[in-house]
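Student: Let us go through this chain by question and answer. Please show it to me.

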Amino acid sequence: MRTFMLLACVLATAYGCGEPTFPPVLSRVVAGEDVRPHSWPWQVSLQMASGGSWSHICGGTLLSSQWVLTAAHCITDGYLYRVELGKHNLKEKEEGSISARVEDIITHDDFQPLFSRNDIALIKLSPVTFSDTIMPACLPDQDAVLPHGASCYITGWGRLSTSGPIADILQQALLPVVDHETCSQKDWWNFQALESMVCAGGDGITSGCSGDSGGPLNCRNPDGSWEVHGAYSFGPGTGCNVFKKPSVFTGISSFISWINNVMATN
């Protein structure tokens with residue numbers, strides 16, 4: 001049973017969560033690839049104002065007409081942010097895309113930057129209208145655990161390699177889930193991997209990278225719909241693709257109660 005966010009449930013809309021109008025074209029290639037346009041309609045670009053222009057800094061996941069989920073480490077006090085929705089190519093003006101004003105940002109009270117504990121934040125937007133290019137994500141049930149090897153996909157506009165450029169076109173890459181027992185081994189992430197996190201990848205070839213932070217880990221249900229199980233939190237400091245150092249995501253299922261409470265009280 002999918003968890004439908006409290007505020008999303010009251011919206012009178014024909015657009016449900018987790019079922020894109022344009023389903024993603026999936027492959028099992030190990031490297032990232034351009035996505036089918038608008039096949040991940042809950043993916044957003046979080047942008048910061050700097051020097052009179054806007055720059056992509058992180059990804060995020062649309063939860064309802066007013067709320068976006070991202071990573072707490074993406075947020076710095078004192079800066080001006082906006083959220084771009086319905087985007088495919090960040091360098092082009094695109095029909096069906098919109099720019100939403102940020103009304104409020106709530107980071108987890110217990111966020112600890114040193115080891116990325118509780119690395120989660122919610123961004124409140126001016127209300128947006130759902131469309132074929134802008135839809136909310138479904139989230140998992142509280143404390144749901146993905147099985148080892150589950151096929152999930154990271155999406156984002158992050159760097160194409162450790163020292164490479166930020167992607168213009170939204171990318172997707174297959175990242176199989178690594179269970180906590182494996183990810184917390186000494187030659188993997190050791191004590192840095194918590195049960196409230198989701199590890200995925202670690203083959204030394206494919207991973208998240210700078211600019212993907214806060215973006216979703218998308219996992220398909222047996223009925224073909226999608227749930228977002230993670231918000232990209234961290235990877236190895238030595239590079240984006242390191243063997244036995246999978247991409248680590250804040251595990252959304254561990255924060256369902258926090259998400260619902262923030263959305264209901266703000």
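Tutor: Start with a term: buried means under 20% relative accessible area, exposed means over 50%, and partly exposed lies in between, with a 1.4 Å probe and protein chains only. This is a predicted model, where local features need pLDDT of at least 70, side-chain atom pairs count only at pLDDT 80 or more, and totals for chains, interfaces and linings use all residues. Residues are numbered from 1 along each chain as its sequence is written, and side-chain values use heavy atoms, with hydrogens and water left out.

Student: What share of the 266 residues in the chain is buried?
Tutor: The cut-off is under 20% relative accessible area. Of the 266 residues in the chain, the buried share is 53%.

Student: What is the radius of gyration of the chain?
Tutor: The radius is taken over C-alpha atoms, and the globule rule is 2.2 Å times the number of residues to the power 0.38. For 266 residues, the rule puts a compact globule near 18 Å. The C-alpha trace spans about 45 × 40 × 40 Å along its principal axes.

Student: Of the contacts with a separation of 6 or more, what percentage joins residues 24 or more positions apart?
Tutor: A contact means heavy atoms within 4.5 Å. Among contacts with a separation of 6 or more, residues 24 or more positions apart account for 68%.

Student: How many strands are in the chain?
Tutor: Helices (H or I, at least four residues) and strands (E, at least two) are DSSP runs, numbered from the N terminus. The chain has three helices. Its strands number 13.

Student: Which residue of β13 is the bridge partner of Tyr232?
Tutor: Two strands pair if DSSP finds at least two bridges between them. Strand β12 (residues 226–234) and β13 run antiparallel, joined by four bridges. In β13, Tyr232 has as its partner Phe249.

Student: Which residue of β13 is the bridge partner of Met197?
Tutor: Strand β10 (residues 197–200) also pairs with β13, antiparallel over four bridges. β13 spans residues 247–251, and five of its five residues are buried. The partner of Met197 there is Thr250.

Student: Is Ser116 buried or exposed?
Tutor: Ser116 sits in the loop between β6 and β7 (121–125). Its phi is near 55°, positive in a residue other than glycine. Most residues other than glycine have a negative phi. At 15% relative accessibility, Ser116 counts as buried.

Student: What is the relative accessibility of Lys244?
Tutor: Lys244 lies in the loop between β12 and β13. It is not glycine, yet its phi is positive, near 65°. Lys244 counts as partly exposed because its relative accessibility is 24%.

Student: How far apart in space are Glu92 and Asp168?
Tutor: Glu92 is in the loop between β5 (81–85) and β6 (98–107). It counts as partly exposed, at 47% relative accessibility. Glu92 and Asp168 are 76 residues apart in sequence. Their C-alpha to C-alpha distance is 8.8 Å.
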